[in-house]
Amino acid sequence: MAHAHCKLFRSFAFLLIATVAIGSMPTMAKARDISVFAAASLTDAIETAARTYERETGDKIRLSLASSSTLARQISAGAPADIFISANERWMDWLEGQGLITPNSRYDLLANRLVLIAPKNSTLAPIDIHATTDLISLIGPDDRIAVGDPDHVPAGIYAKQALTSLGKWETINPRLARADNVRAALVLVERGEAPLGIVYQTDARISDKVKIIGTFPENSHPAITYPIASITGHAKAEAIKFLLWLLGDDGGRIFTDYGFEPLATTQATVPEQ
């Protein structure tokens, strides 16, 4: 708990310092480009947030959307990202360990849930997922369950943790259809190429071609959080201002509309430039 309070203090200290720094900068009439690398599961929400922010400020948000692992590796290789939003802590930790995250700029932005989905026209009824649930019995002998690759895709990593916790990993692992990211897993189920899929609740909500038939117990896997941070050497004023906006109430309302749970909002205000 002490660590959490310390992290919270450091994060708000960063926001306060950033706010003061932005407010002290000279007025700039020219719109600026802001490069945001964000997890694929954020696609619809972050696109809406970016377009909204662009209309309000005139700044241009350039989005790169892929699996968190792919984006983190690109940043490590020198890709010019201003802000990174990961779908799990692991890949943010990885970048932070390389000194690539601006000190005290990291913040837990959102939370999500892990669900089991089927095509909309599936005859499968809703189920409770627990240790005695026989998931394999829900698919045919030649079928597979779509999931983000558990070796590197956050949604797949959470899926493996949940299935392991429930004692099902060894049985289900050989029956997985591993996708490059969670949205690709969703598409496999939408097309009927897989009768079941394990994705985030928010992915299921944006599709009218799938239905949720079960939700994995929260205690079966670590909390699903989306950390956000600015990248070392790219903590420019306009990027920090957008980061603050995403952490605030305006960004929070957009994420809520797409089914995410905002974890941090701040009343910090950024003076007009």
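Q: In what order do the six strands of the open sheet lie, and what is the pairing?
A: In this predicted model, the order is β2-β1-β3-β10-β4-β11. The pairing is mixed.

Q: What makes β2 and β11 edge strands?
A: Each has a single partner strand. One side of β2 (60-66) and one side of β11 (261-262) is therefore left without a neighbour in the sheet.

Q: How do you know that β1 and β2 pair?
A: Pairing needs at least two bridges between the strands. β1 (residues 33-39) and β2 have seven, in the parallel sense. In one of them, Ser 35 of β1 has Arg 62 in β2 as its bridge partner.

Q: Which helix lies across β1, β2 and β3, and at what angle does it run to β2?
A: Helix α2 (residues 43-57) lies across these strands, β3 being 83-85. The angle to β2 is about 170°. Angles run from 0 to 180 degrees between N-to-C directions.

Q: Why is the contact of Glu 89 with Arg 106 called a salt bridge?
A: The cut-off is 4 Å between side-chain nitrogen and carboxyl oxygen. Here the closest N and O atoms are 2.4 Å apart, so the pair qualifies. Glu 89 lies in helix α4 (residues 89-97) and Arg 106 in the loop between α4 and β4 (107-112), so the bridge ties together parts 17 residues apart in sequence. Both residues are buried.

Q: What makes Arg 113 and Glu 218 a salt bridge?
A: Their N to O distance is 3.8 Å. The limit is 4 Å, so the pair counts. Arg 113 lies in the loop between β4 and β5 (114-119), and Glu 218 in the loop between β9 (210-215) and β10 (224-230). The bridge therefore ties together parts that are 105 residues apart in sequence.

Q: Why is Arg 113 called partly exposed, and why does Glu 218 count as exposed?
A: Buried means under 20% relative accessible area and exposed over 50%. Arg 113 has 25%, so it falls in between. Glu 218 has 54%, so it counts as exposed.

Q: How do you know that Asp 203 and Arg 183 form a salt bridge?
A: The N to O distance is 2.6 Å, within the 4 Å limit. The pair links distant parts of the chain, 20 residues apart: Asp 203 in helix α8 (residues 201-205) and Arg 183 in helix α7 (residues 182-190). Both are buried, with under 20% relative accessible area.

Q: What makes Glu 89, Asp 93, Glu 96 and Arg 106 one network?
A: Salt bridges that share partners join these residues. The whole structure holds 14 salt bridges.

Definitions and conventions:
Residues numbered from 1 in each chain as written. Predicted model: local features only at pLDDT ≥ 70, side-chain atom pairs only at ≥ 80, totals over all residues. Heavy atoms only, no water. Helix = DSSP H or I, 4+ residues; strand = E, 2+ residues; numbered from the N terminus. Contact = heavy atoms within 4.5 Å. Buried < 20%, exposed > 50% of the residue type's maximum accessible area, 1.4 Å probe, protein only.
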